[in-house]
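The stops below go from single residues to the whole chain and back.

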Amino acid sequence: MNGFCHAPTPETFIISDPHFGHNKIFIKEPKRLLGEEKPKQAFKKLCKNWNALVGKKDNILCLGDMFGVSGSRYIHKLKGKKSLILGNHDIKPHNKELLYSSDFAILHGIALQIPSGEEIAIEATKRHNTLSGYEQECLSVLVCDVLGLRVMFCHYPLFERHPSDERFFALFALLEWLFEQCHCDVVIHGHIHSHNASDLRCINACIDVTNYAPIRLTTLLEQVQKGK
């Protein structure tokens, strides 16, 4: 499915980095085994956690890195009206083929659902053309207003650089420029699993910090509003 679903509401579920069928994730994040002995059992439990919260008519926005090489076992078991902001694993050939044959609505490029968004997007397109082909394929970002906050949704945290992400540095710079131009309050992201970004404007939505289950957007934003 190519069309991207409507902007998130406070009741939209958010999830990031489940890596269904990607067994190597347990090397980096052994707690994801969830008390199970085998990865397959842990992925089944993660599916169960998802479907216990998300109904067929619920909207769920996924912030990237959905599947690995065995992801086809799980993709059709997940309930909800699913939208996807691309992560770096989602553009790998086997994962891309799986996603494009699924019922996920996939966001390519920049979606600025805010006043003056069109003007900012025009300038962003010029900057986009300076990215490498790989970074252009990875670019997937949404900005909209929710509960009085201007929120950026993307796969990556902003405002810091780690050597392992060097291939994304130009992409990060573009996302940070967009954050400032759009006057965003926060970025909701994935990518860093059980680690949290140092900048308080970054909200980690990886399953490692959301009790291995989707979480309502309103719950994520409550922590920001409490800190205001």
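Where is the place of histidine 19? Select histidine 19: it is in the loop between β1 and α1, where helices (H or I, at least four residues) and strands (E, at least two) are DSSP runs numbered from the N terminus. This is a predicted model, in which local features need pLDDT of at least 70 and side-chain atom pairs count only at pLDDT 80 or more, while totals for chains, interfaces and linings use all residues. Residues are numbered from 1 along each chain as its sequence is written, and side-chain values use heavy atoms, with hydrogens and water left out.

Histidine 19 counts as buried at 2% relative accessibility; buried means under 20% relative accessible area, exposed over 50%, and partly exposed in between (1.4 Å probe, protein chains only).

Now select serine 16, found in the loop between β1 (13–15) and α1 (25–28). Serine 16 is buried, with a relative accessible area of 0%. Show its side chain together with that of aspartate 17: the two side chains make a polar contact at 2.5 Å. A polar contact is a pair of N or O atoms within 3.5 Å; within protein, one must be able to donate a hydrogen and the other to accept it, and residues adjacent in sequence count only if both atoms are side-chain atoms. Leaving out residues up to four places away in sequence, serine 16 touches Leu63, Gly64, His155, His189, Gly190, His191, Ala205, Cys206 and Ile207, a contact being heavy atoms within 4.5 Å.

**Aspartate 65**

Next, select aspartate 65, in the loop between β2 (59–62) and β3 (81–85). Is aspartate 65 buried or exposed? At 2% relative accessibility, aspartate 65 counts as buried. Its side chain makes a polar contact of 3.3 Å with the side chain of histidine 155. Beyond its neighbours within four places in sequence, aspartate 65 is in contact with Asp17, Pro18, His19, Gly87, Asn88, His89, Asp90 and His155.

**Cysteine 154**

Move to cysteine 154, in the loop between β7 (149–153) and α6 (169–181). Cysteine 154 is buried, with a relative accessible area of 1%.

**Zoom out**

Show the whole chain as a cartoon. The secondary structure comes to seven helices and ten strands. The radius of gyration is 17 Å, close to the 17 Å that the globule rule gives for 228 residues, so the protein is as compact as a globular protein of that length. That radius is taken over C-alpha atoms, and the globule rule is 2.2 Å times the number of residues to the power 0.38. Along its principal axes the C-alpha trace spans about 50 × 40 × 35 Å. Buried residues make up 54% of the 228 residues. Of the contacts with a separation of 6 or more, 67% are between residues 24 or more positions apart.

Select tryptophan 50 in helix α2 (residues 39–53). Tryptophan 50 is buried, with a relative accessible area of 1%. Not counting residues up to four places away in sequence, tryptophan 50 touches residues including Ile15, Phe20, Ile60, Cys62 and Pro214.

Then select leucine 221 in helix α7 (residues 217–227). Leucine 221 counts as buried at 0% relative accessibility. Which residues does leucine 221 touch, not counting those up to four places away in sequence? They are Val146, Leu147, Leu149, Val151, Val186, Ile188 and Ile203. Leucine 221 and proline 10 are 211 residues apart in sequence and 8.6 Å apart in space, C-alpha to C-alpha.

For the last stop, select serine 116, in the loop between β5 (109–113) and α4 (117–128). Its phi is near 65°, a positive value in a residue other than glycine. At 44% relative accessibility, serine 116 counts as partly exposed.
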